[in-house]
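I opened my notebook to see what I could look up in this one.

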Amino acid sequence: MEFYDMIEAIRNARNHHKLVIFVGAGVSRNSGIPTWGQMVRVFADAIGYPQHRLSTSEYIRIPQYYYGMDDSTDHQEYYGMLKKLISKEQKPNIINELIVQLKPEHIVTTNYDKLLDWASDEYEVIRCDRDLLKSHSNHYLIKMHGDIDNVEKLVFKEQDYLQYSQTHRLMETYLKSLLIDHVFLFVGYSLNDYNLNTFTSWIDYIAGEMNVKREMHKNFFLSSSHQAGSSYLKRYYEDKGLLVIDMYHLPREVEERVKEVPLQEELGRRTYAVLELL
C-alpha cells in the first residue's frame with residue numbers, strides 16, 4: 001500500500017469513528033519528557049549496568065534489578081527516581097494537541113505524564129480497571145501503564161509487565177476487543193519498543209483467533225527509524241498486522257511541509273506533518 005493510500009485508509013477509519021491512536025514516549029519527548037529508553041538508562045547508570053547494545057528484554061529487567069537492590073522503606077528510592085524523571089510541569093506540545101483535534105474514537109497511551117490529559121477535556125481518563133467500571137463516556141483516554149499521580153501503580157519494571165494481564169484484566173480485554181473492528185495507529189514508538197512488540201502480538205493473535213482477514217483490516221505504525229524502509233522490517237510488521245509508514249521517505253510535498261513545523265526535533269516535525277494529513 002502506497003503512502004497516500006495508507007493516509008486515506010486511516011482517514012476513512014477516523015470518519016467512521018473506528019480510529020484508535022496509540023501514543024508512545026516519542027510524542028512526549030517533544031515536551032522535554034524523557035523516553036522510556038532514556039528513563040531505563042538512568043536506572044542502568046544508578047546500578048552500574050553496562051549499556052552497550054541493550055536488548056529489548058533488558059529494558060524492562062533493569063528497573064527490576066534496581067527495585068530488587070533498593071533497601072529503602074517501601075522502595076521509596078525507586079519510586080522517587082520515577083517521580084524525578086516524569087515532570088508534572090511540562091506542557092502539551094502541538095502533536096498532543098493535533099492528536100486530540102483529530103478526534104479519534106479513543107486515545108491510548110503508555111506514557112505516564114499529563115500531557116494528553118491537559119490537551120483534552122473531551123475524553124474520560126481511564127487509569128485502571130476500576131475507572132472502566134464506573135465510566136460514563138463513549139470516548140476514552142486510556143493510560144494503560146498508569147499515571148504519575150499514582151507512581152506505585154506504574155507499569156515500568158519487569159514484574160509489572162509480566163503481571164499485567166492479572167492487574168489490568170479489564171483494560172487489556174477492552175483494548176483487545178477494539179482490535180476486532182477498529183483501526184489502530186501507533187505514534188511515538190520505536191521499532192524495538194517492548195510495548196509495540198506486545199501490541200503486535202495482540203494484533204497477530206486476535207486476527208488469527210477471530211479469523212480477521214489481513215487484507216480487509218489494517219493497522220498502521222508511524223515509524224521512528226531510518227531502518228523502517230528496509231524490506232525485511234516492512235514484511236515483519238505486515239505479517240504482524242501493521243503497515244509501516246516510513247517517515248524518512250515521505251512524498252516531496254510532505255517533506256517541504258516538515259521544514260515548516262515549529263518543533264525542534266526532526267522526528268517530531270515529521271510526525272506532525274504526517275498526522276495533519278488525516
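**Ground rules.** Helices (H or I, at least four residues) and strands (E, at least two) are DSSP runs, and they are numbered from the N terminus. This is a predicted model, where local features need pLDDT of at least 70 and side-chain atom pairs count only at pLDDT 80 or more, while totals for chains, interfaces and linings use all residues. Residues are numbered from 1 along each chain as its sequence is written, and side-chain values use heavy atoms, with hydrogens and water left out.

**Entry 1: Gly68.** I began in helix α4 (residues 56-69), where I found Gly68. Is Gly68 buried or exposed? I wrote down the cut-offs: buried is under 20% relative accessible area, exposed is over 50%, and partly exposed is in between (1.4 Å probe, protein chains only). Gly68 has a relative accessible area of 57%, so it is exposed. I also looked up its C-alpha atom, which is separated by 9.5 Å from that of Tyr78, 10 residues apart along the chain.

**Entry 2: two positive phi values.** Next I went to His17, in the loop between α1 (3-15) and β1 (19-23). Its phi is near 60 degrees, a positive value in a residue other than glycine. His17 counts as exposed because its relative accessibility is 53%. Lys103 is not a glycine either, and has a positive phi of about 55 degrees. I found Lys103 in the loop between α6 (94-101) and β2 (106-109). With a relative accessible area of 53%, Lys103 is exposed.

**Entry 3: Asp131.** Asp131 sits in helix α8 (residues 129-133). Why does Asp131 count as buried? Because its relative accessibility is 11%. For its neighbours I used contacts (heavy atoms within 4.5 Å). Not counting residues up to four places away in sequence, Asp131 touches Val125 and Ile126.

**Entry 4: Ser31.** This one is in the loop between α2 and α3. Ser31 has a relative accessible area of 10%, so it is buried. Which residues does Ser31 touch, not counting residues up to four places away in sequence? I listed Gln90, Lys91, Pro92, Asn93, Asn96 and Leu115. The side chain of Ser31 also reaches the backbone oxygen of Lys91 at 2.8 Å.

**Entry 5: the cores.** A nonpolar core is a set of buried Ala, Val, Leu, Ile, Met, Phe, Trp, Tyr and Cys residues joined through side-chain atoms within 4.5 Å. The largest one here has 51 residues, and those with the most contacts inside it include Phe22, Phe43 and Met144. I looked up what Met144 touches, not counting residues up to four places away in sequence, and the list includes Phe22, Val108, Tyr164, Leu175 and Trp202. Apart from that core lies another, of 36 residues, among them Ile7, Ile107, Phe220 and Val258. In soluble globular proteins, nonpolar side chains tend to be buried together.

**Entry 6: pockets.** On a 1 Å grid over the protein atoms alone, a cavity is a set of points where a 1.4 Å probe fits but cannot get out, a pocket is an open set with protein on both sides within 12 Å along at least five of seven lines, and lining residues have an atom within 4 Å of a point. Grid points are joined across faces, edges and corners, and a volume is the space filled by probe spheres set on the points.

The largest pocket has a volume of about 600 Å³. It is lined by 29 residues, with Arg29, Thr35, Ser190, Asn192 and Ser224 nearest its centre. Elements giving two or more residues to that lining are α2 (25-28), α3 (36-47) and α15 (266-275). The largest share, 4 residues, comes from α3.

The second largest pocket holds about 440 Å³ of space.

**Entry 7: cavities.** How many cavities of 30 Å³ or more does the structure hold? I noted 3. The largest cavity has about 140 Å³ of space. Its lining has 17 residues, of which Ala25, Trp36, Thr110, Asn111 and Tyr112 lie nearest its centre. α2 and α3 each supply at least two residues of that lining.

Definitions and conventions:
Polar contact = N/O pair within 3.5 Å; in protein donor to acceptor, adjacent residues only side chain to side chain.
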